Amino acid sequence: MSRLGSAAAPVELGKKKASARLEQAQQRLLRLRLLLGGQLGDHKIGPPLCVLFEGWDASGKGGAIKRLVAPLDPRHVRVSQFAAPTYDEKRHHFLQRFWSVLPGWGGMTVLDRSWYGRVLVERVEGFATREQWSRAYEEIVEFERTLTAEGMVIIKFWMHVSDAEQLRRFHSRAQDPLRAWKLTDEDWRNRERRADYEAAVEDMLTKTDRPRASWRVIPGDDKQYARVAVVEQVCHTVEQELTERGYDLHDAD
(Lines give C-alpha, C1' and ligand atoms only; values in the text may rest on other atoms or scores of the structure.)
Protein backbone atom coordinates (compact mmCIF):
# COMPACT_ATOMS: atom_id res chain seq x y z
CA MET A 1 0.00 0.00 0.00
CA SER A 2 1.25 3.50 -0.86
CA ARG A 3 2.63 5.53 2.02
CA LEU A 4 1.80 8.75 0.18
CA GLY A 5 -1.97 8.37 0.12
CA SER A 6 -4.25 11.06 -1.21
CA ALA A 7 -3.09 14.63 -1.74
CA ALA A 8 -6.62 15.91 -1.09
CA ALA A 9 -7.31 17.52 2.29
CA PRO A 10 -9.23 15.14 4.60
CA VAL A 11 -11.48 18.02 5.70
CA GLU A 12 -12.55 21.27 4.07
CA LEU A 13 -11.68 24.12 6.38
CA GLY A 14 -12.76 27.17 4.45
CA LYS A 15 -10.63 30.31 4.34
CA LYS A 16 -12.04 31.91 7.52
CA LYS A 17 -11.77 28.79 9.66
CA ALA A 18 -8.30 27.98 8.30
CA SER A 19 -7.11 31.50 9.12
CA ALA A 20 -8.42 31.24 12.69
CA ARG A 21 -6.84 27.83 13.26
CA LEU A 22 -3.54 28.97 11.80
CA GLU A 23 -3.40 32.03 14.05
CA GLN A 24 -4.22 29.90 17.09
CA ALA A 25 -1.52 27.36 16.18
CA GLN A 26 1.05 30.09 15.57
CA GLN A 27 0.46 31.58 19.01
CA ARG A 28 0.75 28.11 20.50
CA LEU A 29 4.04 27.62 18.66
CA LEU A 30 5.38 30.98 19.81
CA ARG A 31 4.87 30.04 23.45
CA LEU A 32 6.46 26.64 22.93
CA ARG A 33 9.43 28.20 21.15
CA LEU A 34 10.01 30.61 24.06
CA LEU A 35 9.78 27.69 26.45
CA LEU A 36 12.36 25.73 24.43
CA GLY A 37 14.64 28.75 24.34
CA GLY A 38 14.47 29.27 28.09
CA GLN A 39 12.73 32.65 27.73
CA LEU A 40 9.50 31.48 29.35
CA GLY A 41 8.84 29.67 32.60
CA ASP A 42 11.33 28.36 35.12
CA HIS A 43 12.99 25.75 32.92
CA LYS A 44 16.48 25.91 31.50
CA ILE A 45 16.86 25.88 27.74
CA GLY A 46 15.12 23.00 26.02
CA PRO A 47 16.14 20.46 23.38
CA PRO A 48 17.14 21.42 19.84
CA LEU A 49 14.28 21.44 17.35
CA CYS A 50 14.85 20.58 13.68
CA VAL A 51 11.90 20.75 11.26
CA LEU A 52 12.72 19.27 7.87
CA PHE A 53 10.75 19.78 4.64
CA GLU A 54 10.82 17.68 1.49
CA GLY A 55 8.15 17.51 -1.19
CA TRP A 56 7.19 17.77 -4.81
CA ASP A 57 8.09 20.88 -6.79
CA ALA A 58 5.33 23.50 -6.22
CA SER A 59 4.04 21.49 -3.27
CA GLY A 60 3.82 24.52 -0.98
CA LYS A 61 6.99 24.05 1.08
CA GLY A 62 7.84 27.75 0.95
CA GLY A 63 4.37 28.86 2.00
CA ALA A 64 4.28 26.35 4.85
CA ILE A 65 7.71 27.41 6.10
CA LYS A 66 6.71 31.07 5.91
CA ARG A 67 3.66 30.44 8.14
CA LEU A 68 5.66 28.26 10.50
CA VAL A 69 8.31 30.89 11.27
CA ALA A 70 6.06 33.97 10.95
CA PRO A 71 5.27 34.30 14.69
CA LEU A 72 8.86 33.69 15.80
CA ASP A 73 11.61 36.19 16.47
CA PRO A 74 14.26 35.81 13.72
CA ARG A 75 16.87 35.44 16.45
CA HIS A 76 15.15 32.28 17.67
CA VAL A 77 14.95 30.31 14.41
CA ARG A 78 17.17 29.68 11.39
CA VAL A 79 15.87 28.68 7.96
CA SER A 80 18.43 26.90 5.78
CA GLN A 81 17.96 25.99 2.13
CA PHE A 82 19.88 23.33 0.28
CA ALA A 83 20.33 22.95 -3.45
CA ALA A 84 22.82 20.80 -5.35
CA PRO A 85 26.14 20.36 -3.50
CA THR A 86 29.06 22.50 -4.62
CA TYR A 87 32.28 21.10 -6.07
CA ASP A 88 34.01 21.32 -2.68
CA GLU A 89 31.04 19.77 -0.86
CA LYS A 90 31.13 16.80 -3.21
CA ARG A 91 34.64 16.02 -1.95
CA HIS A 92 33.20 15.13 1.48
CA HIS A 93 30.65 12.66 2.77
CA PHE A 94 27.18 13.80 1.70
CA LEU A 95 26.06 14.43 5.30
CA GLN A 96 28.99 16.72 6.12
CA ARG A 97 27.44 19.92 4.74
CA PHE A 98 24.40 19.67 7.02
CA TRP A 99 26.17 19.55 10.38
CA SER A 100 26.92 23.27 10.56
CA VAL A 101 23.27 24.36 10.38
CA LEU A 102 21.87 21.93 12.94
CA PRO A 103 20.43 23.63 16.05
CA GLY A 104 22.02 23.45 19.45
CA TRP A 105 20.18 23.28 22.76
CA GLY A 106 17.56 26.01 22.91
CA GLY A 107 17.77 26.46 19.13
CA MET A 108 15.46 25.79 16.19
CA THR A 109 16.32 25.14 12.56
CA VAL A 110 14.00 24.72 9.58
CA LEU A 111 15.45 22.88 6.58
CA ASP A 112 14.10 23.57 3.10
CA ARG A 113 15.39 20.35 1.48
CA SER A 114 17.87 18.19 3.33
CA TRP A 115 20.09 15.11 3.36
CA TYR A 116 17.25 13.20 1.71
CA GLY A 117 18.41 14.57 -1.62
CA ARG A 118 20.79 11.58 -1.74
CA VAL A 119 17.87 9.11 -1.99
CA LEU A 120 15.61 11.36 -4.08
CA VAL A 121 17.07 13.59 -6.81
CA GLU A 122 20.56 12.06 -6.64
CA ARG A 123 19.06 8.60 -6.99
CA VAL A 124 16.63 9.40 -9.78
CA GLU A 125 18.95 11.63 -11.81
CA GLY A 126 21.97 9.37 -11.42
CA PHE A 127 24.09 11.85 -9.45
CA ALA A 128 24.82 9.07 -6.94
CA THR A 129 25.64 5.49 -7.81
CA ARG A 130 23.22 2.72 -6.89
CA GLU A 131 25.63 1.56 -4.20
CA GLN A 132 25.82 5.10 -2.76
CA TRP A 133 22.11 5.80 -2.54
CA SER A 134 21.28 2.27 -1.41
CA ARG A 135 23.75 2.63 1.46
CA ALA A 136 22.41 6.09 2.33
CA TYR A 137 19.17 4.85 3.92
CA GLU A 138 21.01 3.24 6.82
CA GLU A 139 23.48 6.13 7.02
CA ILE A 140 20.60 8.59 7.35
CA VAL A 141 18.79 6.46 9.93
CA GLU A 142 21.96 6.24 12.02
CA PHE A 143 22.63 9.98 11.59
CA GLU A 144 19.15 10.85 12.87
CA ARG A 145 19.39 8.25 15.63
CA THR A 146 22.59 9.93 16.83
CA LEU A 147 20.93 13.34 16.85
CA THR A 148 17.79 12.22 18.67
CA ALA A 149 19.84 10.21 21.19
CA GLU A 150 21.52 13.49 22.11
CA GLY A 151 18.10 15.07 22.65
CA MET A 152 17.20 16.68 19.33
CA VAL A 153 13.54 16.76 18.30
CA ILE A 154 13.30 15.98 14.57
CA ILE A 155 10.08 16.56 12.63
CA LYS A 156 10.04 15.48 8.98
CA PHE A 157 7.42 16.60 6.46
CA TRP A 158 6.74 15.36 2.95
CA MET A 159 4.54 17.91 1.16
CA HIS A 160 2.36 15.89 -1.19
CA VAL A 161 0.44 17.25 -4.19
CA SER A 162 -1.32 15.37 -6.93
CA ASP A 163 0.01 15.31 -10.46
CA ALA A 164 -2.94 17.38 -11.70
CA GLU A 165 -2.56 20.03 -9.00
CA GLN A 166 1.17 20.28 -9.56
CA LEU A 167 0.58 20.87 -13.28
CA ARG A 168 -2.00 23.55 -12.50
CA ARG A 169 0.48 25.33 -10.22
CA PHE A 170 3.21 25.11 -12.83
CA HIS A 171 1.00 26.81 -15.42
CA SER A 172 -0.07 29.43 -12.86
CA ARG A 173 3.56 30.26 -12.11
CA ALA A 174 4.50 30.38 -15.78
CA GLN A 175 1.80 33.00 -16.42
CA ASP A 176 2.76 35.24 -13.50
CA PRO A 177 5.80 37.48 -14.19
CA LEU A 178 6.49 37.83 -10.46
CA ARG A 179 6.55 34.06 -9.88
CA ALA A 180 7.83 32.73 -13.19
CA TRP A 181 11.39 32.69 -11.81
CA LYS A 182 10.35 29.82 -9.52
CA LEU A 183 9.74 27.55 -12.51
CA THR A 184 12.76 26.10 -14.32
CA ASP A 185 13.37 23.71 -17.16
CA GLU A 186 14.54 21.24 -14.54
CA ASP A 187 11.11 21.38 -12.87
CA TRP A 188 9.45 20.39 -16.13
CA ARG A 189 11.95 17.56 -16.64
CA ASN A 190 11.28 16.29 -13.13
CA ARG A 191 7.57 16.14 -13.89
CA GLU A 192 8.28 13.80 -16.77
CA ARG A 193 9.93 11.42 -14.31
CA ARG A 194 7.28 11.68 -11.62
CA ALA A 195 6.79 7.90 -11.53
CA ASP A 196 10.50 7.41 -10.82
CA TYR A 197 10.41 10.05 -8.10
CA GLU A 198 7.31 8.52 -6.57
CA ALA A 199 9.07 5.15 -6.30
CA ALA A 200 12.01 6.89 -4.62
CA VAL A 201 9.70 8.71 -2.20
CA GLU A 202 7.93 5.49 -1.25
CA ASP A 203 11.28 3.82 -0.50
CA MET A 204 12.39 6.84 1.52
CA LEU A 205 9.23 6.87 3.64
CA THR A 206 9.44 3.13 4.27
CA LYS A 207 13.16 2.86 5.02
CA THR A 208 13.77 6.02 7.06
CA ASP A 209 10.63 6.26 9.20
CA ARG A 210 11.58 5.78 12.85
CA PRO A 211 9.75 6.51 16.13
CA ARG A 212 11.92 9.54 17.01
CA ALA A 213 12.25 10.71 13.41
CA SER A 214 8.99 9.77 11.73
CA TRP A 215 7.57 11.13 8.49
CA ARG A 216 4.40 13.20 8.31
CA VAL A 217 2.88 13.23 4.84
CA ILE A 218 0.90 16.46 4.41
CA PRO A 219 -1.90 16.44 1.80
CA GLY A 220 -1.05 19.63 -0.07
CA ASP A 221 -3.63 20.13 -2.81
CA ASP A 222 -5.39 22.58 -0.46
CA LYS A 223 -2.72 25.08 0.61
CA GLN A 224 -4.83 26.47 3.45
CA TYR A 225 -5.22 23.03 5.01
CA ALA A 226 -1.54 22.13 4.48
CA ARG A 227 -0.26 25.24 6.24
CA VAL A 228 -2.50 24.68 9.24
CA ALA A 229 -1.60 20.99 9.38
CA VAL A 230 2.13 21.74 9.43
CA VAL A 231 2.04 24.27 12.27
CA GLU A 232 -0.38 22.18 14.33
CA GLN A 233 1.73 19.06 13.85
CA VAL A 234 4.89 20.86 14.99
CA CYS A 235 3.08 22.07 18.10
CA HIS A 236 1.69 18.60 18.84
CA THR A 237 5.08 16.90 18.46
CA VAL A 238 6.93 19.46 20.60
CA GLU A 239 4.27 19.26 23.32
CA GLN A 240 4.47 15.47 23.31
CA GLU A 241 8.26 15.51 23.54
CA LEU A 242 8.34 18.07 26.33
CA THR A 243 5.69 16.25 28.33
CA GLU A 244 7.73 13.04 28.13
CA ARG A 245 10.76 14.98 29.40
CA GLY A 246 8.91 16.34 32.42
CA TYR A 247 8.29 19.90 31.30
CA ASP A 248 5.31 21.76 32.71
CA LEU A 249 3.48 22.96 29.60
CA HIS A 250 1.37 25.33 31.70
CA ASP A 251 4.46 27.54 31.55
CA ALA A 252 3.61 27.97 27.86
CA ASP A 253 0.03 29.11 28.51
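Reader: Which residues does Glu54 touch, leaving aside those up to four places away in sequence?

Author: Contact means heavy atoms within 4.5 Å, and by that test Glu54 touches Lys61, Arg113, Ser114, Tyr116, Gly117, Leu120, Phe157, Trp158, Met159 and Trp215. This is a predicted model, in which local features need pLDDT of at least 70 and side-chain atom pairs count only at pLDDT 80 or more, whereas totals for chains, interfaces and linings use all residues. Residues are numbered from 1 along each chain as its sequence is written, and side-chain values use heavy atoms, with hydrogens and water left out.

Reader: Where do the buried residues of helix H6 fall, seen down its axis?

Author: In H6 (residues 185-192) the buried residues are Asp187, Asn190 and Arg191. They fall within an arc of 105° (taken from the directions from the helix axis to the C-beta atoms), so they line one face of H6. That buried set packs against helix H5 (163-174) and helix H7 (194-207), while Asp185 and Glu192 are exposed on the other side of H6.

Reader: What describes two packed helices?

Author: The angle between their axes and the distance between the axes describe them. Helix H1 (residues 15-36) packs with helix H8 (residues 223-244) at about 30°, their axes being 9 Å apart (lines fitted to C-alpha atoms over the stretch in contact, with angles from 0 to 180 degrees between N-to-C directions). That makes H1 roughly parallel to H8 (under 35 degrees; over 145 is roughly antiparallel, 65 to 115 roughly perpendicular, and the rest oblique).

Definitions and conventions. Helix = DSSP H or I, 4+ residues; strand = E, 2+ residues; numbered from the N terminus. Buried < 20%, exposed > 50% of the residue type's maximum accessible area, 1.4 Å probe, protein only.
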